[in-house]
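Subject: Structure handover

Hi,

Here is the structure I promised. My notes follow below it.

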Amino acid sequence: MTKSTSSIVLALWGKGGSGKTSTALALASLATAEGRRAIVLDADPQRSASEWHAVSANPPFAVHSTEVGAVAALLDRAKTRYDVVLIDNPPARYSGSTAIAQRAGMSLICARPFLFDISLALEWVHVLKNAHTTPLVALTAAPPLRLDMESPAVRIARERLKSAGATLWRHQITHRLAYPELIHRGMTIADLSADAPARTDYERLWSAICKWKR
């Protein structure tokens, strides 16, 4: 993939457990594998990305722990030093969330295709549109396709999101559950073989984000 000439700044949003942190780490690792300089700004109070960085023997990208209110001020400096800046936001809305959405320019909502995740994803769609940014919604931990057909849960989730005017990623993260063990060991999705299904899932998402940027 050809590197972009400008920085990609992506803010990630979603319910706790929806895959925000694992997605941020996966995208950062894939960007780094392409030769890009990447950083994850860890603004989630759980600090899972920072915990991953602490246990990783040789982290391929940077992770910076910060507060939500400080992120917007950090972005200009981060963009001068890194090609890819990923912001792992809290699951709840904070006073600095709107400023992050506006300064980042690109937003990704992670959601499992189930009731509570989709309900909160719809709230985030509304919040981010009010911040004058158009979020992309990615379904994570989705049931696998059968005979190239999406599961009923995925179809219903897409219908609810589409009716709210959300911009949907056409694929889904199916093999997310194979990924947490890597994170616990301080590894990344880029440590999997090129043909691993979990890596393929996240590579598709990364490719969509890069094309969306252009």
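A141 sits in the loop between strand 6 and helix 6 (152-163). Helices (H or I, at least four residues) and strands (E, at least two) are DSSP runs, numbered from the N terminus. A141 is not a glycine, yet has a positive phi of about 50°. A141 counts as buried, at 18% relative accessibility. Buried means under 20% relative accessible area, exposed over 50%, and partly exposed in between (1.4 Å probe, protein chains only).

This is a predicted model: local features need pLDDT of at least 70, side-chain atom pairs count only at pLDDT 80 or more, and totals for chains, interfaces and linings use all residues. Residues are numbered from 1 along each chain as its sequence is written, and side-chain values use heavy atoms, with hydrogens and water left out.

H132 also has a positive phi, about 65°, and is not a glycine. H132 lies in the loop between helix 5 and strand 6 (136-139). Is H132 buried or exposed? H132 is exposed, at 73% relative accessibility.

Next, T174. This residue is in the loop between strand 7 (167-168) and helix 7. T174 is buried at 18% relative accessibility. Its side chain makes a polar contact of 2.9 Å with that of Q172. A polar contact is a pair of N or O atoms within 3.5 Å; within protein, one must be able to donate a hydrogen and the other to accept it, and residues adjacent in sequence count only if both atoms are side-chain atoms. Leaving out residues up to four places away in sequence, T174 touches A142, P143, P144 and D201. Contact means heavy atoms within 4.5 Å.

Now the aromatics. There are two aromatic pairs. W13 and W124 form a tilted pair, 4.8 Å centre to centre with 35° between the planes. W13 is in strand 1 (residues 8-14) and W124 in helix 5 (residues 115-130), so the pair ties together parts 111 residues apart in sequence. W13 is buried at 0% relative accessibility, and W124 is buried at 3%. The ring centres of W52 and F61 are 4.9 Å apart and the planes are at 10°, so this pair is stacked. W52 is buried at 2%, and F61 is buried at 4%. For the terms: rings of Phe, Tyr and Trp (its six-membered ring) pair if their centres lie within 6.5 Å; planes under 30 degrees apart count as stacked, over 60 as edge-to-face and the rest as tilted.

L25 belongs to helix 1 and is buried, with a relative accessible area of 1%.

Last, the pockets. A pocket is an open set of points on a 1 Å grid over the protein atoms alone, where a 1.4 Å probe fits, with protein on both sides within 12 Å along at least five of seven lines; lining residues have an atom within 4 Å of a point. Grid points are joined across faces, edges and corners, and a volume is the space filled by probe spheres set on the points.

The largest pocket holds about 420 Å³. Its lining has 20 residues, with T21, S22, S48, I183 and H184 nearest the centre. Helix 1 (20-33), helix 2 (48-55) and helix 7 (180-184) each give two or more residues to that lining.

The second largest pocket has a volume of about 150 Å³. Helix 8 (residues 197-213) gives the most to its lining, with five residues. Among the lining residues are W169, R204 and W212.

Best wishes
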